Amino acid sequence: MATVTLKGNEIHTLGNLPEKKSKAPDFELTKNDLSTVKLSDYKGSRLVLNIFPSVDTGTCAQSVRQFNQEAAELENTIVLCISKDLPFAQARFCGAEGIENVEMLSDFRDGNFGKAYNLDFTDGPLAPLHSRAVVVLDENGSVLYTEQVSEIVDEPNYKAALEALMDS
């Protein structure tokens, strides 16, 4: 179990993120049109998994905006913004914000993504939402970089995530 904080108060996740150089766990998530997408659908592309509790919070929304801006400049890289928000809420946010360079995906159906990546909070006021994390994958689905953000209200280290792509 990983320990993080929410405004200084300890809360816990199911476990640790996948190890660097390991094969990323497969997943099935829901797109805004309610279709299903799998990790294997992205084979051949590098992925930045921007994972967060809810796009309806300031820090989560900012992470989507920031990666949307940064993603426009990346070659062969797709940013997947993943939460348990309903696809309708994700689509509404993107439409209102003019977000076009990231894909919003929802784990609302069965929560298996959060379980496979050990992201779900097990206690605290945000249980069972996902913790804030970034996982970067290469074209073959191997983990290049992970960050479990230690304080939920803080933004991820965008620069380190993007540098992991440059180093690969």
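Reader: Why is the contact between Glu-28 and Lys-38 called a salt bridge?

Author: In this predicted model, the closest N and O atoms of Glu-28 and Lys-38 are 4.0 Å apart. The rule asks for a side-chain nitrogen of Lys or Arg within 4 Å of a carboxyl oxygen of Asp or Glu, so the pair is counted as a salt bridge. Glu-28 belongs to strand 3 (residues 28-30) and Lys-38 to strand 4 (residues 36-38), and the two are 10 residues apart.

Reader: How many salt bridges does the rule give?

Author: The count is 5 salt bridges. Another one of them joins the side chains of Asp-56 and Arg-92, with 3.9 Å from N to O.

Reader: What makes the pair of Asp-56 and Arg-92 a link between separate parts of the chain?

Author: Asp-56 sits in the loop between strand 5 (46-51) and helix 1 (58-71), while Arg-92 is in helix 2 (residues 87-97), so the pair ties together parts that are 36 residues apart in sequence.

Reader: Why are Asp-56 and Arg-92 described as exposed?

Author: The cut-off for exposed is over 50%. Asp-56 has a relative accessibility of 56%, so it counts as exposed. Arg-92 has a relative accessible area of 52% and is therefore exposed as well.

Reader: What makes Lys-84 and Asp-120 a salt bridge, and where do they lie?

Author: Their closest N and O atoms are 3.6 Å apart. That value is within 4 Å, so the pair meets the rule. Lys-84 is in the loop between strand 6 (77-83) and helix 2, and Asp-120 is in the loop between helix 3 (112-116) and strand 8 (133-137), so this pair too connects parts 36 residues apart in sequence.

Reader: What is said about the backbone at Lys-21 and Asn-76?

Author: Lys-21 has a positive phi of about 75°, although it is not a glycine. Lys-21 is found in the loop between strand 2 (9-12) and strand 3. With a relative accessibility of 74%, Lys-21 is over the 50% cut-off and so counts as exposed. Asn-76 also has a positive phi, near 50°, and is a residue other than glycine. Asn-76 lies in the loop between helix 1 and strand 6. At 40% relative accessibility, Asn-76 counts as partly exposed.

Reader: Which peptide bond is cis?

Author: The bond that joins Ala-127 and Pro-128 is cis, with omega at about 5°. Pro-128 is in the loop between helix 3 and strand 8.

Reader: How do you know that strand 1 and strand 2 pair?

Author: Pairing requires at least two bridges. Strand 1 (residues 3-6) and strand 2 have 4 bridges in the antiparallel sense, so they pair. Thr-5 stands opposite Glu-10 in strand 2. The hairpin of these strands has 2 residues between them, and Lys-7 takes a positive phi near 55° there.

Reader: What makes up the chain as a whole?

Author: The protein chain has 4 helices and 9 strands. Along the sequence they follow the pattern β-β-β-β-β-α-β-α-β-α-β-β-α.

Reader: Why is the protein chain called as compact as a globular protein of its length?

Author: Its radius of gyration is 14 Å, close to the 15 Å that the globule rule gives for 168 residues, so the description applies. Buried residues make up 52% of the 168 residues. Of the contacts with a separation of 6 or more, 66% are between residues 24 or more positions apart.

Reader: What makes Leu-34 part of a nonpolar patch?

Author: A patch takes residues with over 30% relative accessible area and no salt bridge, and joins nonpolar side chains within 5 Å. Leu-34 has 36% and is partly exposed, so it passes the area cut-off. Leu-34, Leu-86, Phe-88 and Phe-108 form the patch, with about 370 Å² of accessible area together. Leu-34 itself is in the loop between strand 3 and strand 4.

How values were computed
Residues are numbered from 1 along each chain as its sequence is written. This is a predicted model: local features need pLDDT of at least 70, side-chain atom pairs count only at pLDDT 80 or more; totals for chains, interfaces and linings use all residues. Side-chain values use heavy atoms; hydrogens and water are left out. Buried means under 20% relative accessible area, exposed over 50%, partly exposed in between (1.4 Å probe, protein chains only). The radius of gyration is taken over C-alpha atoms; the globule rule is 2.2 Å times the number of residues to the power 0.38. Contact means heavy atoms within 4.5 Å. Patches are made of residues with over 30% relative accessible area and no salt bridge: like charges are joined within 9 Å, nonpolar side chains (Val, Leu, Ile, Met, Phe, Trp, Tyr) within 5 Å. Accessible areas come from the Shrake-Rupley method with a 1.4 Å probe; for residues, only the protein chains shown count as cover.
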